Amino acid sequence: MADVDRKLRDFLGAKTAKTFADVLEIETVGELLRHYPRRYLKKGELTPFDELEVGDQATVNGRVKKVTARALDSKVEIRPDEVHKYRKRRTITKVVVTDGRNDLEAAFFNQPWLLTKLTPGTSALFWGEVSMFRTTMQLKNPGTEILDEEDLTEAEIERRARPFRPLYPATAKLPTATIERSVKIVLDSLDEQLDDPIPDLVLRKEKLLGLREALQLVHLPDTEKDIRDAQQRFRFEEALVMQTILAQRRAVTDALNAVPRPRVADGLLDEFDRRLPFELTEGQAEVGEEIFADLARPHPMHRLLQGEVGSGKTVVALRAMLSVVDNGGQAALLAPTEVLAVQHHKTLTKMLGDLAEQGMLGGAEHATKIGLLTGSLNAAGRRTAMLDAASGAAGIVVGTHALLEDKVQFADLGLVVVDEQHRFGVEQRATLSAKSGDNTPHVLVMTATPIPRTVAMTVFGDLAVSTLTQLPAGRSPIQSSVVPAKEKPEWLQRAWTRVREEVGKGHQVYVVCPRIGDDVKNAGDEEGELLETDEGGKKQARPPISVMQVAEALGEILHDLRVEILHGRLPAEEKDAVMSRFAAGDIDVLIATTVIEVGVDVPNASTMVIMDADRFGISQLHQLRGRVGRGKVPGLCLLVTDLWPGSKSYGRLDAVASTTDGFELSRIDLETRREGDVLGVAQSGRRTSLKLLSVLRDEDIILAARHVANSIVSVDAELAEYPVLRSVVRSALESETTEYLEKT
């Protein structure tokens, strides 16, 4: 008998086991049985010929009596040696099947190779809907499986004729039929009782199948209910493992010590609030109170702050930092790029005014100092920034990865704010947190990429989540339109005319391109829709358009405008100079890569033209267009594409153009991507641990599993009473699941 930890070679032989290991990284019985069918082929009951009735969905076992094939555009029959000539033509292959007494016809369209497979005398299974044409019984929309040459037992034929045939994720080296046979061998040898990671009490309460029965039914179902029940059980198990990991992480965080930083009356924060030239939105005020409550606890805050571009996250984060400074502590703001770090430093300094001029002539009474530490600082500037952080002179320190260096120390680090947090790994965040000595700093992570509730609950389940949905007063609406450049080239010409009109009104324009121009990385289109024909007649994907190409093309069209380029390979000083000129209004049109995606705030920019927009993801397009409409001028975003309407990628652009609701767009984006991408596993190049669970579809399951995980971990954080669950959790922690969780 087999348990789930046994090696496959003990049951399938060394050669087959090696193929599974090499092709699918499957080595044990349990790993094979968790390789679930991707879908099921519904075949119908195995029925004797003389019991067939019109309208039945049936499967028959017979021998081929006659087979013919012809092209639909001619009446000439295809010979077996000519099959290869007809692979791309519309054909019909007619097969007469017999049980020795009765005949049945099946017609297969566009499958001419069956002429060489279903030769007279071949034994095979055929299935489809029984119909009658004149006096001949037929199978509509038929399917077939050729039976092996050797004599098959009745039980084997019965198994192959089951009403639901599992179809597995497979490859040419390891086809679904081989996987199906291997699963059957292992299932037949499997122990009747298996240790179940889901506790018995939970199984009963949630009305879930036990592990042994669920494995049997997910691979060899007799009914659609079998499939639903088995998949439901495994979805819950996947959710339980994920939520247990997150519950354990929350328990560890809650046990750590942090210095309480309660709000101080009449301090720097109150002075800042009194001076605010605008009123906080209801959401900003509510989230602020949540954060202040967290900061007042003797355990570290661990909160995610998400909100649309322009929803006011920076103000919320600054108020949290000022509360810490009022308590004698320091705050560090970690940004992913130097451009964004510099932008944050300028923004915070401007917002605080003389409240950021501690020790300076004209500085306010409650003032602090804002330090900036980036990799491009000269030696003197670097020494000053590090000294201000180490001495405590700087209450707030903004920086890039340079903040993580060993030489950088803080006097009393009380709060770590991480912007665009998905760009940092947990090790980097932990490195910064460790600079606070014995006490763990409070942590606030921010993202402008909207995350649907169920995704946030799963991916960021160890964080408390705050969401800003309102936009501050004064933000202008953004209109978006798709420009199909190949179908309607005149629309693209109109786009450049519109650019000139906007500049004529005193506004500024971004033109965004997928690449710089001296490389062809990411040139392929995942859907193969942007294709051009080379001299040999082969279809080749056109490389994405570049900054350099567009700059050259627009040189004549916009010759009298002030046009400059910006991309990530420019020296830091040059990038800063270009952005400074654009922000000052000295540049009319900025042709750039996605370096402008985050942090750039130019209220006078009214229009954005995104070239080859289909080469960007939905969330990225939404974030990019958030760079316009930041002032009193309405924003316009033009999504230029060479795709033709009707394609999947064009549909994504239509979705972006149809709504400015980032959370709705995020849901659409995630629904079109693999679940592994949702959980970040694709970054590791390995397969996802979530095989059946969908964080978008299975909200109820995730909520139920979260409740169970919290109940278990609250009384038994080490899972001592649940050894099987503990083992599965440990395996997950050693797998790609943690690789993503650890990135959060």
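Trainee: Is Ser-131 buried or exposed?

Mentor: Buried means under 20% relative accessible area and exposed over 50%, with partly exposed in between (1.4 Å probe, protein chains only). Ser-131 has a relative accessibility of 12%, so Ser-131 counts as buried. This is a predicted model, in which local features need pLDDT of at least 70 and side-chain atom pairs count only at pLDDT 80 or more, while totals for chains, interfaces and linings use all residues. Residues are numbered from 1 along each chain as its sequence is written, and side-chain values use heavy atoms, with hydrogens and water left out.

Trainee: Where is Ser-131 found, and which residues does Ser-131 touch?

Mentor: Helices (H or I, at least four residues) and strands (E, at least two) are DSSP runs, numbered from the N terminus. Ser-131 belongs to strand E6 (residues 123–133). Contact means heavy atoms within 4.5 Å. Leaving aside residues up to four places away in sequence, Ser-131 touches Val-54, Thr-136, Met-137, Gln-138 and Lys-140.

Trainee: How is a pair of aromatic rings to be read, and how many aromatic pairs does the structure hold?

Mentor: The description of such a pair rests on the distance of the centres and the angle of the planes. Rings of Phe, Tyr and Trp (its six-membered ring) pair if their centres lie within 6.5 Å; planes under 30 degrees apart count as stacked, over 60 as edge-to-face and the rest as tilted. The structure holds two aromatic pairs. In one of them, Tyr-36 and Phe-234 are 4.9 Å apart centre to centre with 35° between the planes, a tilted arrangement. Tyr-36 lies in the loop between H3 and strand E1 (39–42) and Phe-234 in helix H9 (residues 224–255), so this pair ties together parts 198 residues apart in sequence. Tyr-36 is buried at 6% relative accessibility, and Phe-234 is buried at 0%.

Trainee: What is the angle between the planes of Tyr-510 and Phe-582?

Mentor: Their planes stand at 55° and their centres are 4.9 Å apart, so the pair of Tyr-510 and Phe-582 is tilted. Tyr-510 sits in strand E17 (residues 508–512) and Phe-582 in helix H19 (residues 572–583), so the pair ties together parts 72 residues apart in sequence. Tyr-510 counts as buried at 0% relative accessibility, as does Phe-582 at 0%.

Trainee: Which residues of helix H2 are buried?

Mentor: In helix H2 (residues 14–24), the buried residues are Ala-17, Phe-20 and Leu-24. Seen down the axis of H2, they fall within an arc of 75°, so they line one face of the helix; the arc is that of the directions from the helix axis to the C-beta atoms. These buried residues pack against helix H1 (9–12), helix H3 (29–33) and helix H6 (176–189). On the face turned away from the buried side are the exposed residues Ala-14, Lys-15, Lys-18 and Asp-22. Just after H2, Glu-25 takes a positive phi of about 60°.

Trainee: What covers the buried residues of H21?

Mentor: The cover includes strand E16 (478–484), helix H20 (618–625), strand E23 (635–641) and helix H22 (662–671). The buried residues of helix H21 (residues 648–658) are Ser-649, Tyr-650, Arg-652, Leu-653, Ala-655 and Val-656.
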